Amino acid sequence: MTGGRPRPAAAPDAAAAKAAWDHIEVSRHPDRPYALDLIERCLSDFTELHGDRQGGDDAAIVIGLARLGDRPVGVVANQKGRTLEERGRRNFGMAHPEGYRKAQRLFRLAGRLRLPVISFIDIPGAYPGVAAEERGQAWAIAQTIEAQLTLPTPYVAVVIGEGGSGGALATLLADAVLVLEHAFLTVASPETAAAILFRDAGRKQHAAAALCLEAENLVRWGIADEVVPEPPGGAHTDWDATAELLRPRLEAHLTRLVAAGADAAARRERYRRIDGLADAATRSAQA
Amino acid sequence: MIATTASPTTRPDPRGPAATPAARSAARPPTWICPECRTRHSLATALAQLYVCPSCGLHSRIGAWERVRQLADPGSFAKWDGELAAADRLQFVDTRRYTDRLAEAQERQQLPDAILTGAARIGGHAVGLAAFDFGFLGGSLSAAVGERLARAIEHCAGARQPFVCVTSSGGARMQEGVFSLLQMAKSVAALHTLAEAHVPFLSVLTDPTMGGSIASFAALGDVIIAEPRATIGFTGARVITQVTYEELPPGFQTSEFHHARGLIDHVVERPALRSTLIQLLRVLAPAGAATGETAA
């Protein structure tokens, strides 16, 4: 049963909006560990691979090979930039179609070599630009969703910061989904949601509250499996401690999934059964 | 709305124009005004032209019931999942309650949610047919829309009947938050059953097909057809301009734009859409699937 009632049916008040926004601010903190910071601390022998083999290499998405403990894994990650130069090069972590095609390459490679996959999600959203649209952004995301749902090997995803919309979904659809305490997954960025709902991007705090972005809701709703705690104050206060909290959870879930023989059919069933419908009667009719 | 003007997103309903209050009460013949060039045409003309404006060629947005009327063999459509309606899992309130928006849309569009699915025949070929209704909260992807879509797809896989989906959708439904987002995954998971059964999926993109809809099931058709000048894309032009300050190229995000870039197989005018589907179904309808005698 996943039918939580997060809050009474009224517009979010100022205090709720403030609390929701504090959560977003921590997830976007400039000193927050990014994917490569956590890959370095949780995995060993990481070798990055470059390019989609179709003409592009989008630095907003990183793929590679590594080990988690003794186990070889494929890695796919959203990567923001730390310095001004790196932020430009990585486009603030907002991927183009080439990034999604690179992710597809990793899923194919992992399937062929029988490697489990670990993904790190931290993306404001797929890049909303002319060039991305011209090269088929929507098609690239759709195909990446499909690639995840046909990956034959066990797959763990962890949302480490921002999980923005379809751009996040493209590397999220795993057998186990972990969410760092101050990370979030959303249908649209709070700014975009506010622009749509209130016709005022300035009401982002109210939009964030209305969207119920607290990480624990994802677990209650059956979308994520576990909230991984962060050090007091947030992950930006201590990267090593954050990785120490995360690594054993990645290992535990991957070990469980390997033992259970997680496969694509079970993964498709998981996402086929995503809830969100009206009542128990509807849900039982669905089963 | 002008009393004698029928909007195709709401009227006429499948019972025909005579059943609409506007048609009954009008002193003069009911008319239809093109939303683009504002030319007034008789409703009879608009219906005969499938709501393609005779003056400017606009393929105006039409409701799900009208789409079914245009594509399915007469009398062949039998809808599925009658009662399955949207839910308010987040108890969402923005400027209004989501439940109020839903009730209003259900009443106005005479649909439980933004998609109509059912069994149909097209040129005698038995298919599963899905039609989005843009007039219902922008054809957005609620959990109920995703569930209806998934069930329709799985029904087609089980019955080995081609799946035809006509999309008209702004993308995610904000009021259902992350549940809406996950419908992208649900629809693609369901589509795999078609692949396993070797059953074709014909995806028809109409104005508009945006965001989460084109970035999931709609982009994964075995064949993708679009109506002329439909707006299709991941991010809307207004957001692109606001975020990037980029200048948009001519014809940006139109059907023709994507066709030129290899993302859409054909741009087909509405009067030819049914015959185009029939031609494809003659090739793709699985052998042994029931076919009727209705001619194109």
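Reader: Which domains does the domain assignment give for chain B, and how far apart do their C-alpha centres lie?
Author: In this predicted model, the assignment for chain B, whose bounds come from an automatic or database domain assignment, gives domain 1 (17–59) and domain 2 (61–284). Residues are numbered from 1 along each chain as its sequence is written, and chains are lettered from A in the order in which they are written. Local features need pLDDT of at least 70, side-chain atom pairs count only at pLDDT 80 or more, totals for chains, interfaces and linings use all residues, and side-chain values use heavy atoms, with hydrogens and water left out. The C-alpha centres of domain 1 of chain B and domain 2 of chain B are separated by 24 Å.

Reader: Which side chains meet in a salt bridge at 2.9 Å, N to O, in chain B?
Author: A salt bridge is a side-chain nitrogen of Lys or Arg within 4 Å of a carboxyl oxygen of Asp or Glu, and the count between domain 1 of chain B and domain 2 of chain B is 1. At 2.9 Å, N to O, the salt bridge in question joins the side chains of Arg229(B) and Glu36(B).

Reader: Where in chain B does pLDDT stay under 50?
Author: The mean pLDDT (the predictor's confidence in each residue, from 0 to 100) of chain B is 90, and 87% of its residues reach 70 or more. Where pLDDT is low, the predicted coordinates should not be read in detail, a caution to keep in mind for what follows. The values stay under 50 over residues 1–19 of chain B and over residues 292–296 of chain B.

Reader: How much area is buried between chain B and chain A?
Author: The model scores ipTM 0.93 and pTM 0.91, and the contact takes 61 residues from chain B and 60 residues from chain A. Carbon and sulfur atoms give 69% of the area buried between the two chains, which is about 5000 Å².

Reader: Which helix of chain B gives the largest share of the side that touches chain A?
Author: Across the interface of chain B and chain A the rule finds 4 salt bridges, and the side chains of Arg261(B) and Glu134(A) meet in a salt bridge at 3.8 Å, N to O. Among the elements that give two or more residues to this side of chain B are helix 5 (143–159) and helix 7 (183–197), helices being DSSP runs (H or I, at least four residues) numbered from the N terminus. The largest share, 9 residues, comes from helix 7 of chain B.

Reader: How many residues apart are Arg28(A) and Glu191(A)?
Author: The side chains of Arg28(A) and Glu191(A) meet in a salt bridge at 2.8 Å, N to O. This pair links distant parts of the chain, with Arg28(A) in the loop between helix 1 (14–27) and helix 2 (35–42) of chain A and Glu191(A) in helix 8 (residues 190–197) of chain A, and the separation is 163 residues.

How values were computed:
Contact means heavy atoms within 4.5 Å. Buried area is the accessible area (1.4 Å probe) that two parts lose on being put together, summed over both.
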